[in-house]
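Colleague: I am new to this one. Please show me the model, and then I will ask about it.

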Amino acid sequence: MRWAERLFGARDTLLRMVLLDLTGVGYLLFVPHAGPAPTATQWALAVAAFSVALVSHRRPVVNLVAQAALLAAAICLIDDITINQVGASWALLEVTMRAGRARTIWLSAGLLAVVDLTDSIGDPLRQVASGIVGLALEVGVPVLLGLVIRTSRELGRQAVERALAEQRRRESESRAARADERSAIARELHDVVAHHVASMVLRVGVARHVLTDLDPRVDEVFDDVHGTGTAALAELRRLVAVLRNPDGVRGDAALTAIEPSALPSALGAAVDRARQAGIAVEADIDAAIGSLDAVRGLAVLRLTQEALTNVARHAGPAARAHLVVALRDGAVHWEVTDDGGGVDGDSAPTHVPAGGGHGITGMSERAEVLGGRLEAGRTGTGWRVRTVLPNTLPETAADAAPRARAAPAGTPTRRPA
């Protein structure tokens with residue numbers, strides 16, 4: 001079918017005309033004729049038809065008018081008009097395939113029909129009827145074939161446009177999902193920063209009231225720190241209020257930070273919910289994660305919730321899942337694997353929703369913001385997602401949300417000089 005599409009394509013008119021001319025030459029030279037050999041007049045009309053077809057291959061209407069004129073001359077001058085009939089019919093096919101308006105097609109078909117009927121003037125009624133049947137072949141077949149090719153070409157163009165529109169829609173949805181997820185992460189990071197700034201302001205305020213006998217210079221520093229922290233807290237709250245605008249983000253994206261010490265119990269609650277859904281979850285959670293900073297702790301919780309939700313949605317309630325959260329050299333190693341719900345072979349679930357869900361996209365965004373990279377893919381009959389969140393944020397994230405690390409009780413925290 002591809003060779004046919006190329007042969008009748010709009011860019012290959014010259015190739016079609018060359019093949020048509022070679023076929024005509026072969027007819028004149030090699031096909032046995034009932035009568036005498038082709039005469040000089042027949043050769044002249046044939047060569048003229050061949051030349052016009054080549055010269056006017058990009059102007060189908062001009063080619064049709066010239067071929068119709070040559071056919072009229074052939075009807076008057078020679079007996080075998082096959083070459084000129086085929087040339088005129090092919091010219092009508094080209095007009096039908098390439099004309100911009102339907103009126104051009106029907107006018108061209110009418111012109112060729114009138115020229116062809118001149119061959120039946122003065123003939124008996126039976127011969128006229130035979131000429132009408134021949135007219136159906138000479139005019140009707142090219143028009144029908146040309147309309148079929150036009151329709152197929154138009155359907156192909158529409159299919160390509162629909163595919164491009166669908167691709168643009170999916171890309172738009174993906175960009176929107178990434179923007180929503182980034183907004184949610186930004187709000188969570190700012191919530192964490194606001195929490196620690198509020199704690200700093202509160203402690204400085206307490207220190208100002210408790211420590212009464214201070215050097216005036218120290219008291220001035222306390223006043224400055226308290227005022228600066230209060231102003232920063234107000235700015236953060238205004239920024240969070242903007243980020244939480246429900247008109248700009250998804251309703252389910254408005255998440256808040258959690259206390260680092262509450263992370264183990266929050267992960268346990270997520271595991272319990274997955275077990276209630278029927279999934280057999282084995283959890284290996286490092287007890288040291290209770291000392292994580294709030295930013296990474298919240299990311300671990302959201303990744304776990306999304307991953308277990310994906311297991312329930314795509315592997316089914318019969319699946320077995322394994323959650324690993326470990327703290328090694330300050331980096332968080334997180335992984336969730338499942339067995340695919342006991343499905344074997346190529347029929348194992350892919351965990352990628354048919355409707356183009358954005359769960360993996362959001363999880364990847366969370367990992368990237370914190371300097372990690374999410375890995376997701378098949379493993380045996382199941383699925384695995386994992387990442388490593390380093391103990392330092394990338395520069396862009398560090399500028400937007402300074403690292404907030406929890407220190408042991410009673411140990412003062414210091415900001416590097």
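Colleague: How many helices and strands does the protein have?

Modeller: This is a predicted model, so local features need pLDDT of at least 70. The secondary structure of the protein comes to twelve helices and five strands.

Colleague: What share of the residues counts as buried?

Modeller: A residue is buried when its relative accessible area is under 20%. The protein has 417 residues, and the buried share is 37%.

Colleague: How far apart are the end C-alpha atoms of helix α5, and what span should its 17 residues have?

Modeller: Helix α5 covers residues 82–98. At 1.5 Å a residue, its 17 residues should span 24 Å. The distance between the end C-alpha atoms agrees with that, because it is also 24 Å.

Colleague: How many of the 17 residues of α5 are buried?

Modeller: Helix α5 is mostly covered. Its buried residues include Ile83, Gly87, Leu92 and Glu94. The count for α5 is twelve of 17.

Colleague: Is Arg16 buried or exposed?

Modeller: Arg16 is found in helix α2, residues 13–30. Its relative accessibility is 2%, and the cut-off for buried is under 20%, so Arg16 counts as buried.

Colleague: Which side chain does Arg16 join in a polar contact of 2.7 Å?

Modeller: Arg16 belongs to helix α2. The side chain joined to Arg16 at 2.7 Å is that of Glu94.

Terms used:
Residues numbered from 1 in each chain as written. Predicted model: local features only at pLDDT ≥ 70, side-chain atom pairs only at ≥ 80, totals over all residues. Heavy atoms only, no water. Helix = DSSP H or I, 4+ residues; strand = E, 2+ residues; numbered from the N terminus. Expected span 1.5 Å × (residues − 1). Buried < 20%, exposed > 50% of the residue type's maximum accessible area, 1.4 Å probe, protein only. Polar contact = N/O pair within 3.5 Å; in protein donor to acceptor, adjacent residues only side chain to side chain.
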